[in-house]
Amino acid sequence: MTFFTEEQRNQLLANGAARARGDAIDPLPVVKLYTLDAGAAWLLTELDADGDKAFGLCDAGTGSPELGQVSLSALEGVRGPRGMRIVADPHFKPRQTLSGYLADAQRDGSIND
């Protein structure tokens with residue numbers, strides 16, 4: 001299962017390469033993943049060259065969203081309480097950079113976009 005399009009993957013990899021070079025970046029999220037039957041969401045901005053470790057704003061639905069890395073292969077195995085998979089939001093359009101989403105999520109206790 002793949003969570004994003006080839007175009008999104010290329011942008012995630014480019015952002016990951018920029019951060020690996022030490023560039024100071026605050027990109028727009030490229031993709032939003034979420035659970036259909038639970039309150040978890042991920043706004044991803046970067047992908048490591050290995051193609052599995054993504055970076056972004058992670059909200060496990062516990063009231064403490066934070067920046068961090070997540071394994072895409074691990075997310076593929078996650079199921080919500082009704083057995084539903086994590087999916088990409090095909091209608092997601094970022095409205096601000098990752099730091100803006102982080103500030104909002106920390107204030108609100110969750111990603112609300």
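View 1. Two strands count as paired if DSSP finds at least two bridges between them, and both helices (H or I, at least four residues) and strands (E, at least two) are DSSP runs, numbered from the N terminus. In this predicted model, where residues are numbered from 1 along each chain as its sequence is written, local features need pLDDT of at least 70, side-chain atom pairs count only at pLDDT 80 or more, and totals for chains, interfaces and linings use all residues. Side-chain values use heavy atoms, with hydrogens and water left out. Five strands form the open sheet in the order S4-S3-S2-S1-S5, and their pairing is antiparallel. Strand S4 (66-71) and strand S5 (86-88) stand at the edges with a single partner strand each, so one side of each is left without a neighbour in the sheet. From one strand to the next, the twist averages 35 degrees.

**View 2. Strands S2 and S3, with the helices that pack on the sheet.** Strand S2 (residues 41-47) and strand S3 (residues 53-59) run antiparallel and are joined by six bridges, and tryptophan 42 stands opposite cysteine 58 in S3. Helix H1 (residues 6-20) packs on the sheet and touches strand S1 (31-35), S2 and S3, its direction making about 65 degrees with that of S2. Helix H3 (residues 98-108) also packs on the sheet, touching S2, S3 and S4, and its direction makes about 35 degrees with that of S3. Here contact means heavy atoms within 4.5 Å, while axes are lines fitted to C-alpha atoms, for helices over the stretch in contact, and angles run from 0 to 180 degrees between N-to-C directions.

View 3. A salt bridge is a side-chain nitrogen of Lys or Arg within 4 Å of a carboxyl oxygen of Asp or Glu, and a search of the whole structure finds six of them. In one of these, the side chains of glutamate 46 and arginine 19 meet at 2.7 Å, N to O. Glutamate 46 lies in strand S2 and arginine 19 in helix H1, so the pair ties together parts that are 27 residues apart in sequence. Glutamate 46 counts as buried at 4% relative accessibility, whereas arginine 19, at 34%, counts as partly exposed; buried means under 20% relative accessible area, exposed over 50%, and partly exposed in between (1.4 Å probe, protein chains only).

View 4. Aspartate 104 and arginine 107, whose side chains meet in a salt bridge (3.2 Å, N to O), both lie in helix H3, three residues apart, about one turn of the helix. Arginine 107 also forms a salt bridge with aspartate 108, the closest N and O atoms being 2.9 Å apart. Aspartate 104 is buried, with a relative accessible area of 19%, while arginine 107 is exposed at 59% and aspartate 108 is partly exposed at 38%.
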